[in-house]
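Visitor: I would like to learn how to read a fold from its contacts and strand pairing. Could you take me through one case?

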Amino acid sequence: MPFYYEIKIKGQLDYSRWSGWFSGLSLTHLEADETLLAGTLPDQAALYGLIERLRDLNLTLISISQGPVSDSGLNQK
């Protein structure tokens, strides 16, 4: 079952360079030198793979939030 995730990391990643590395998640620059990766992942294995990729790139993970995916593919809070 797919879930919507918001993953906050330290640093501002360039969308054109990094978007392909993160399973089609959107990249949004936040204040305080942070980037938000947001979107759906098919399962926890994909989430763990993404976390490993962040680790391998030596990026600092700040937080992960998860929620159900609505019919439109957007997060329901």
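**Reading contacts and pairing**

Guide: Contact here means heavy atoms within 4.5 Å. Apart from neighbours within four places in sequence, Leu37 is in contact with Tyr5, Glu6, Ile7, Phe22, Leu25, Ser26, Leu27 and Leu54. This is a predicted model, in which local features need pLDDT of at least 70 and side-chain atom pairs count only at pLDDT 80 or more, while totals for chains, interfaces and linings use all residues. Residues are numbered from 1 along each chain as its sequence is written, and side-chain values use heavy atoms, with hydrogens and water left out.

Visitor: Which residues have the most contacts inside the largest nonpolar core?

Guide: In soluble globular proteins, nonpolar side chains tend to be buried together. A nonpolar core is a set of buried Ala, Val, Leu, Ile, Met, Phe, Trp, Tyr and Cys residues joined through side-chain atoms within 4.5 Å. Buried means under 20% relative accessible area, exposed over 50%, and partly exposed in between, with a 1.4 Å probe and protein chains only. The largest core has 13 residues, and Ile7, Phe22 and Leu37 have the most contacts inside it. At least two residues of this core come from each of strand 1 (3–10), strand 3 (34–41) and helix 2 (44–56).

Visitor: How many helices and strands are there in the protein chain?

Guide: Helices (H or I, at least four residues) and strands (E, at least two) are DSSP runs, numbered from the N terminus. The protein chain has 2 helices and 4 strands, in the pattern β-α-β-β-α-β along the sequence.

Visitor: What is the order of the strands in the sheet?

Guide: Two strands pair if DSSP finds at least two bridges between them. The 4 strands form an open sheet in the order 2-3-1-4, with antiparallel pairing. Strand 2 and strand 4 (61–68) stand at the edges with a single partner strand each, so one side of each has no neighbour in the sheet. On average, neighbouring strands of this sheet are turned by 20° against each other, direction ignored. For such angles, axes are lines fitted to C-alpha atoms, for helices over the stretch in contact, and angles run from 0 to 180 degrees between N-to-C directions. Helix 2 lies across strand 1, strand 3 and strand 4, and runs at about 10° to strand 1.

Visitor: Over how many bridges do strand 1 and strand 3 pair?

Guide: Strand 1 and strand 3 pair in the antiparallel sense over 8 bridges. Phe3 has Leu41 in strand 3 as its bridge partner, and Lys8 has Leu36.

Visitor: Why is strand 3 described as largely enclosed?

Guide: 7 of its 8 residues are buried, so the rest of the structure largely encloses strand 3. Thr35, in strand 3, counts as buried because its relative accessibility is 0%. A polar atom of the Thr35 side chain lies 3.0 Å from the backbone nitrogen of Leu13.

Visitor: Is Ile9 buried or exposed?

Guide: Ile9, found in strand 1, counts as buried because its relative accessibility is 0%. Ile9 and Asp33 are 24 residues apart in sequence and 8.9 Å apart in space, C-alpha to C-alpha. Of the 77 residues of the protein chain, 30% count as buried.

How values were computed. Polar contact = N/O pair within 3.5 Å; in protein donor to acceptor, adjacent residues only side chain to side chain.
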